[in-house]
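Reader: I have the model open. Can we go through it piece by piece, with cut-offs as we go?
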Amino acid sequence: MPHTAEIVAEAAPREPFDFDEAFRRLRRAVAEVPKAAMFELRDRGYGSLFEQLVASLISARTRDETTIPVCLRLFAAARTPEAMAALEEAELVRLLHGATFPEPKARDLIALSRRIAGEFGGIVPDTVEGLMAFRGVGPKIASLALGVALGQAHIAVDIHVHRVTNRWGIVATGTPDRTQAALVAILPRRYWVEINERLVPFGKHVCTGERPRCSSCLLLSMCRQVGVTTHR
């Protein structure tokens, strides 16, 4: 007896994957669910490069449901490099309560805030390489901050972007870094920032890690369901 996913695959021939149509469907699919944290913060008025860099760093290994209130609490106390650098480390740890690894994140935030305020005159470097020179900032954090804050064309790949694009069958990679490189080669630049905005909530609420909601998914007709053995 074939798995449910295999029955669906046999019964419904797949359409060619079309990025324009995929993103039209994605916007509809996530219209009623919470936004990805960085985009929610941007839309609430916390869209400066410094705020997005800080929020992206806090979000590492922290759920969006926690990241947003932690960032709102922190930004009520400090929204600039100078204000962040002036915080006592113990106070910053307190403000980060609930996020993962609050102590090392507090140290990293104070260090980068002091460098930005002292070495860069309060102006945050606006390149991936410039941001990655700060401790704790990797390519995903740098790409996300620059994409959301400045609209620069960078692809930020987290576990949701990695899983969904591999499940669609448009890439076949083993790590988020390799997925990022593969997407650079095939994804139209107009979607480089939006792919994170759409696939984070899509991956959390529709194309979940276990038992994805394939039967009601708007993208099923284009999806190869790679690796899917059971679904709803």
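Author: Start with R61, which is exposed at a relative accessible area of 72%. Buried means under 20% relative accessible area, exposed over 50%, partly exposed in between (1.4 Å probe, protein chains only).

Reader: What should I know about the source and the numbering?
Author: This is a predicted model, in which local features need pLDDT of at least 70 and side-chain atom pairs count only at pLDDT 80 or more, while totals for chains, interfaces and linings use all residues. Residues are numbered from 1 along each chain as its sequence is written, and side-chain values use heavy atoms, with hydrogens and water left out.

Reader: Back to R61, where is it and what is its phi?
Author: R61 sits in the loop between α4 and α5. Its phi is near 60°, a positive value in a residue other than glycine. Helices are DSSP runs (H or I, at least four residues; strands are E, at least two), numbered from the N terminus.

Reader: Why flag a positive phi?
Author: Because most residues other than glycine have a negative phi.

Reader: What about Q225, buried or exposed?
Author: Q225 counts as buried, at 6% relative accessibility. Q225 lies in the segment after α13 and has a positive phi of about 55° although it is not a glycine.

Reader: Now α4. How many of its residues are buried?
Author: Eleven of the eleven residues of α4 are buried, so the helix is mostly covered. Among them are L49, F50, E51 and Q52.

Reader: Which helices do the buried residues of α4 pack against?
Author: They pack against α3 (37–43), α5 (64–77), α6 (81–85), α8 (102–119), α9 (128–132) and α10 (139–150). Contact here means heavy atoms within 4.5 Å.

Reader: What is the geometry of α4 and α10?
Author: Their axes come within 8 Å and cross at roughly 145°. Axes are lines fitted to C-alpha atoms, for helices over the stretch in contact, and angles run from 0 to 180 degrees between N-to-C directions. The crossing of α4 and α10 is right-handed. A crossing is right-handed if the near helix is turned clockwise from the far one by less than a right angle, and left-handed if anticlockwise.

Reader: Which residues make that contact?
Author: L49, Q52, L53, S56 and L57 of α4 meet I141, L144, A145, L146, V148, A149 and L150 of α10. By class, the contact of α4 with α10 has ten nonpolar, two polar and no charged residues. Ala, Val, Leu, Ile, Met, Phe, Trp, Tyr, Cys and Pro count as nonpolar, Asp, Glu, Lys and Arg as charged, and the others, Gly among them, as polar.

Reader: Another pair: how do α2 and α13 cross?
Author: The axes of α2 (residues 19–29) and α13 (residues 194–205) come within 10 Å and cross at roughly 50°. The two helices are therefore oblique to each other; angles under 35 degrees count as roughly parallel, over 145 as roughly antiparallel, 65 to 115 as roughly perpendicular and the rest as oblique. The crossing of α2 and α13 is left-handed.

Reader: Which residues meet there?
Author: F23, L26, R27 and A29 in α2 meet E194, I195, R198, L199 and F202 in α13. The contact of α2 with α13 divides into six nonpolar, no polar and three charged residues.

Reader: Last topic, ring pairs. How many aromatic pairs are there?
Author: The count comes to five aromatic pairs. Rings of Phe, Tyr and Trp (its six-membered ring) pair if their centres lie within 6.5 Å; planes under 30 degrees apart count as stacked, over 60 as edge-to-face and the rest as tilted. F17 and F19 are edge-to-face, with ring centres 5.3 Å apart and planes at 70°.

Reader: And F23 with Y191, how are those rings arranged?
Author: The rings of F23 and Y191 are stacked, with centres 4.1 Å apart and planes at 5°. The pair links distant parts of the chain, 168 residues apart: F23 is in helix α2, and Y191 is in the loop between α12 (176–186) and α13. F23 is buried at 1% relative accessibility, and Y191 is buried at 7%.
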